[in-house]
Amino acid sequence: GGGQKTNKTESATGAIKIDGSSTVYPVSEAVAEEFRAIQPNVNVTVGESGTGGGFKKFSRNEIDISDASRPITVEEIEACTKAGINFIEIPVAFDGLAVVVSKQNTFIDHLTVAELKKLWEPAAQGTVKTWDQIRSSFPKEPIKLYGAGTASGTYDYFTEAICGKKGASRGDYTASEDDNVLVQGVSNDKNGLAYFGLAYYEQNIDKLKLIPVDNGNGPIAPSQETVGNGTYQPLSRPEFIYVNAKSAERKEVQDFVKFYIQNAGKLAKEIGYVPLGDAEYKLAEERFTKKVTGTMFANGKSIVGTKMSDLLKLEEGK
Amino acid sequence: MQKIKEKIIEGILFFCSSITVLTTLGIIIILTIETFQFFKDVSIVEFFTGTEWTPLFANKKFGILPLVSGTLLTTLIAILVALPLGLTIAIYLNEYADKRFKAFIKPLLEILAAIPTVVYGFFALTFITPILQTFIPSLGGFNALSAGLVMGVMIIPYVSSMSEDALSAVPNSLREAAYGMGSTRLQTAFKVMLPAASSGVIVSVILAISRAIGETMIVAVAAGQEPKLTFNPLNSVETITTYIVQVSMGDVPQNSIEFRSIFAAGITLFGLTFILNNISFWMKRKFQQKYE
Amino acid sequence: MNNARKNELKDNTFKVFALVCTSVGLIVLGLLLYNIISVGLTRINWDFITNLPSRRPGKAGIYTALLGMIWVVTLTLLISFPIGIGAGVYLEEYGKKNRFAKFIEINIANLAGVPSIIYGILGLELFGRLLALGNSILAASLTLSLLVLPVIIVATREAVKAVPNSLREASTGLGATRWQTISRIVLPASFGSILTGMILAVSRAVGETAPLIVVGALVYVPFAPKSPMDQFTVLPIQIFNWTSRPQQGFVVNAAAAIIILLLFVFILNGIAVFLRNRHNRRIKY
Amino acid sequence: MNKLEAKDVNLYYGEKHALKGISMGIKANSVTAFIGPSGCGKSTFLRCFNRMNDLIDNCRVEGEILIDGRDIYKNKINVVDHRKKIGMVFQKPNPFPKSIYENVAYGLRINGITHKKFIDETVERSLRQAALWDEVKDDLKKSALALSGGQQQRLCIARTLAVEPSVILMDEPASALDPISTAKIEELIHELKHKYTIVIVTHNMQQAARISDKTAFFYLGELIEYDETSTMFTNPAKEATQNYVTGRFG
Amino acid sequence: MNKLEAKDVNLYYGEKHALKGISMGIKANSVTAFIGPSGCGKSTFLRCFNRMNDLIDNCRVEGEILIDGRDIYKNKINVVDHRKKIGMVFQKPNPFPKSIYENVAYGLRINGITHKKFIDETVERSLRQAALWDEVKDDLKKSALALSGGQQQRLCIARTLAVEPSVILMDEPASALDPISTAKIEELIHELKHKYTIVIVTHNMQQAARISDKTAFFYLGELIEYDETSTMFTNPAKEATQNYVTGRFG
Ligand SMILES: Nc1ncnc2c1ncn2[C@@H]1O[C@H](COP(=O)(O)OP(=O)(O)OP(=O)(O)O)[C@@H](O)[C@H]1O
Ligand SMILES: Nc1ncnc2c1ncn2[C@@H]1O[C@H](COP(=O)(O)OP(=O)(O)OP(=O)(O)O)[C@@H](O)[C@H]1O
Ligand SMILES: [Mg+2]
Ligand SMILES: [Mg+2]
Ligand SMILES: O=P([O-])([O-])[O-]
């Protein structure tokens, strides 16, 4: 844009260190790449040591921004407090979780949340073995499940949204941190079912069949639209960045975070994630300018089914 | 003056070799500190005898056996590939092949061990597994078999090169005696050379095993990450190493018991390889004495 | 069929079987290479090598990963080379008698078999956290140095052992001190083999992924590192990252990066083989 | 007819011309000694008779070597079978790392013989012939490596005798042995001569003089002189031979 | 006074008793030959004189070894300095993989001598003394490994002479050489005798007879007989000596 030239002359220098969730990574990477075009002297690095790994570094003051695919936990907040670190929590995009089967699978057209629960809950382990146990119209074929690696944010979210408790899942399924590996697995398996980020489905449409999820309002397939307007429930989750409040006093970090919020929507879409609404970005930016620290999910408030705008407004009112 | 200089140099060199001891100490200390914490919450008995490994599930179970069985299963498959192939190749290169062929083939095979293992992982997942599935329709997308086979190919050079070295180290006079008696090459190889080099060959195999046990990327990508107490190669399994990377890259909150579990797993892994390495070292000692 | 014929038949059967075995290894190698090259070769061009990382597969390059790798490998060399040689020389030339040297020897045999991921944990806690080096090039190099040290020590020992004792005796007989003998006679005579071992160690370090993941090598680094304290990324990590992305374009990129990485490994191994052969030919005692 | 015959044999190790145009005939049931300074090609030539040089990569042989009139370097010959007819004993005793019994039985086993009684008998006979039976008969299961050097060497001879060769090649068989063992081996050679054709390499001139019927002197890859042993040591035709047998060098 | 003197020397390689109570005295400016069958301890004993056995791990020496009356196994002695006074030449020529010049200069360089002219002069003088100068003077920069075996051995002698020792120990220096080189080395020993005390191990009895003043016969780690060379070869006191010098074994 036209402002770039003037920006450059007064552009900041320095380094911004980002690390954390591998799910949020592509967004941060895209933002960093674009940011570099206008402020080439700021060296932004992005790592992906997982949400947990990111918070660990964050609480040791090793990084400025932590990417997270779930809200910060009470323990992690404690660690930050101990180290004298305050943080600003900023939602940046949604990630829809897609439930998919192989193209060869002909019998599943949609699944209800209850059926998904029956399929995935811990009690299912060793007992729910064939598809006819899920719905009597399904054939008596063995069930093969693929899912997010148990150390990932995706896993935490899926289990919470479907089975009602974080980490509550059957264990006899194939897990991988690497969603491509899951794509590969389920696409070769006509009795398989998998869940992973929507972006991976969109890149592998030819191999996979998307399963609409019925949350009581009829089956809805995830898409940019249904995730964005909140109708694809409960499998869309928000993604965050956490900014170290002290780092936020630095000019280059301020520039970067603002740039992040302004461009996250566009870039998220490009990557295959779903942007928040314009209003929500606005609220988020205000939150940053005002340096509102702490989390919107205090007391372990669940993120499942909550609308981001409600939360942001609520915070503002506080 | 000169004596002092000599002493100082010896001191420096001594320090250089001590670094290796410090490394071992470092590993042991770091692993045990966290493991110690871990065992405050988890009973050791459960850890070593439990048959379920679900530290990241709501209902946490800390039985390492599924990870151990996954590790052993993939290793076993790998050795079943690498041992016959590697040994046959070693014998062939040592007894049959002419020098130029050997000088060419040996380094070529060694490339197998030099290829980054990430590459093998995807090779197993996207190439070997689909091929195997045409023969074994019930084979899942992730399975111990495909990962083990590819890992086996990867460690072929450990067996072939080191066994060949051991065979070469057998005094030529033995070989000459065997031929002089009118043995065929096959008889010379199996009745004289192989028994004479047996401890060297065993060392190479043990090192290959310990390499397979420690291998991470291939199994992480191709074996699935499902901790399952099974010895069925068609199943997906999880190895100890896989679990460690998985948690290192994932979402697990710090200072949690889940996080500490990787140290407990790490020390188990260290212990496994430690035992093997010591056996091989001991064998090597014995072997060297024999021909000096 | 008489016995001699039978033996001959067995002999020849084994030969065929052995050739098949050898081919299995080579065929897998061939398939692997073909698999990668057919996907990635067309992607390799100068831009790919000089471009910064990007979220767009077509624009992304390996510049920083390549430089990061060169930094890490060079530094690893500089650290592990003197220490490895020192330790190898100590064990072979000084420490034969004492008990501690025996202990070190067992210890090295052990370290050589410790899984690389364990080194990653060590590096993370010791260099990253305790020495507060974070995820810098230095921390990674120190970690890899410890990882390759056993390889170098063993190679040095073998090389030093191969120097005929008669040379040592000649030097000692002329009144040379131990260190004079080592530095003027033994090391020059064994340097070729030590170098070979060194290169093989490096080619191992080049391909290591797991320990660097644990130490925390970054993924997106849009600038060339300038000092050992800088953050960095390396090729195997870049590859690992690319293979886990949804877009097909990155799979191609990963294959292309693998080709470059393999080229690196091959060149290193080639040099090692060349040196080994030349050394074997040149020095005959 | 000569038992062994070499006709203009040239041998090369790569570039190195190690044997230069050697021709000689060796009679059956005789002992022939090869002498000459270190590196002159004695061992190399000896090993031509059982094609042991085939094992060396860059080794090339020209000329003819006949055994009982048949050229063993012709293509048709089965090397393995041929070697069975030619026994070989080496400078350093090289028993297999097996038991004493198995060492001697080895040659039978590789011929597919499994008949226990027959093997037992052969082992005993061979050990007796090699003058070792009395010393080891109670320890046949013991590892051969536990024997003394002299015993090991006799074991190697017994091992060779077990397959009943017609020629025995010996490369400095007594050079590493003590006087008593040496005497035993020399005695043995004397005995065996009646059944076998023996060729022996030695660096001990007196040994050559004591045990051999004919002696061949090699120098720098050439056969300098070949004659009756008595002639060679008392009245050689060549000055080089004279110099060597009187210890002027070597 | 004897230049070299051994008093009841016992030497062990670990368990193995390799030298058994050996006592002998060696006069200055004489040539002494050690003879005996392989493995009898000749080399081991020779190496006691410059404490070369120190390099061997499990080697233990008892008794006294005196040089010019001083016990070299006493703690106080500086071994490195001591070795400079005792030159040593080995069985197989072992030049360093360096140039001819650097081989000879080595002994000076390790003593910290850098004066170019002085080194040049010493190199030339030593090569002349070793009767090698004329053959190599134009190729001083050439690798020593490119020389022939005989030349290499003379180079090793020159290398030893460069540091001006008073004693020269030689372990079978001519055993791998041709007659001409052997003759040259023997001549050289004869020359050097006037300035140095020489001890030489040899397996060639005639060589011992030709060049030495006194001869010592070793057997199984014991010094069997030590006397004037002429006596040893014509009229030895012990039967073992007689057997050995007449080639009854070895
Ligand atoms: N495998 C080989 N490759 C190349 N050259 C060889 C090989 N074996 C022997 N030679 C060379 O061939 C020549 C003859 O060697 P050979 O072993 O026959 O000598 P020899 O008379 O038996 O000596 P010695 O008495 O030391 O045993 C020597 O110069 C030796 O260096
Ligand atoms: N480093 C060692 N360790 C153990 N034993 C050794 C060692 N060196 C030599 N010996 C043994 O000591 C004895 C004497 O050896 P030495 O080398 O002195 O014999 P030698 O008379 O020089 O024989 P040769 O004529 O073969 O050179 C031999 O039995 C030998 O095996
Ligand atoms: Mg020979
Ligand atoms: Mg000796
Ligand atoms: O990397 P995660 O988003 O799974 O924490």
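Close-up 1. A backbone N or O atom of E:Cys40 sits 3.2 Å from an oxygen atom of ligand 2. This is a polar contact, that is, a pair of N or O atoms within 3.5 Å; within protein, one must be able to donate a hydrogen and the other to accept it, and residues adjacent in sequence count only if both atoms are side-chain atoms. The side chain of E:Ser43 brings an N or O atom to 2.5 Å from an oxygen atom of ligand 2, and a polar side-chain atom of E:Thr44 is 2.4 Å from an oxygen atom of the ligand. On its own, ligand 2 exposes 630 Å², and the protein buries 64% of that (Shrake-Rupley method with a 1.4 Å probe; for residues, only the protein chains shown count as cover).

A word on the model before the next view: it is predicted, so local features need pLDDT of at least 70 and side-chain atom pairs count only at pLDDT 80 or more, while totals for chains, interfaces and linings use all residues. Residues are numbered from 1 along each chain as its sequence is written, chains are lettered from A and ligands numbered from 1 in the order in which they are written, and side-chain values use heavy atoms, with hydrogens and water left out.

**Close-up 2. The shell around ligand 2.** Here you can pick out the residues around ligand 2 (one heavy atom within 4 Å of it), among them E:Tyr13, E:Lys16, E:Lys42, E:Ile56 and E:Glu172. By class, the shell has 4 nonpolar, 5 polar and 3 charged residues. For this tally, Ala, Val, Leu, Ile, Met, Phe, Trp, Tyr, Cys and Pro count as nonpolar, Asp, Glu, Lys and Arg as charged, and the others, Gly among them, as polar. Helix α1(E) gives the largest share of the shell, 3 residues (helices are DSSP runs of H or I, at least four residues, and strands runs of E, at least two, numbered from the N terminus).

**Close-up 3. Ligand 5 between two chains.** Ligand 5 lies between chains A and B. Of the 9 residues around it, A:Ser21, A:Ser22, A:Thr23, A:Thr51 and A:Ser69 come nearest. Polar side-chain atoms lie 2.4 Å from an oxygen atom of ligand 5 in A:Ser21, 2.6 Å in A:Ser22 and 2.8 Å in A:Ser69. Taken alone, ligand 5 exposes 200 Å², of which the protein buries 98%. Its shell holds no nonpolar residues, 8 polar and 1 charged.

Close-up 4. With a disulfide taken as a pair of cysteine sulfur atoms within 2.5 Å, the count over all chains is 0. E:Cys59 is buried at 17% relative accessibility (buried means under 20% relative accessible area, exposed over 50%, partly exposed in between; 1.4 Å probe, protein chains only).

Close-up 5. D:Phe96 and D:Tyr106 form a tilted pair, 4.7 Å centre to centre with 50° between the planes. D:Phe96 lies in the loop between β6 (86-89) and α3 (100-109) of chain D and D:Tyr106 in helix α3, so the pair ties together parts 10 residues apart in sequence. Both D:Phe96 and D:Tyr106 are buried. In chain B, one aromatic cluster includes B:Phe38, B:Phe47, B:Trp53 and B:Tyr243.

Terms used. Rings of Phe, Tyr and Trp (its six-membered ring) pair if their centres lie within 6.5 Å; planes under 30 degrees apart count as stacked, over 60 as edge-to-face and the rest as tilted.
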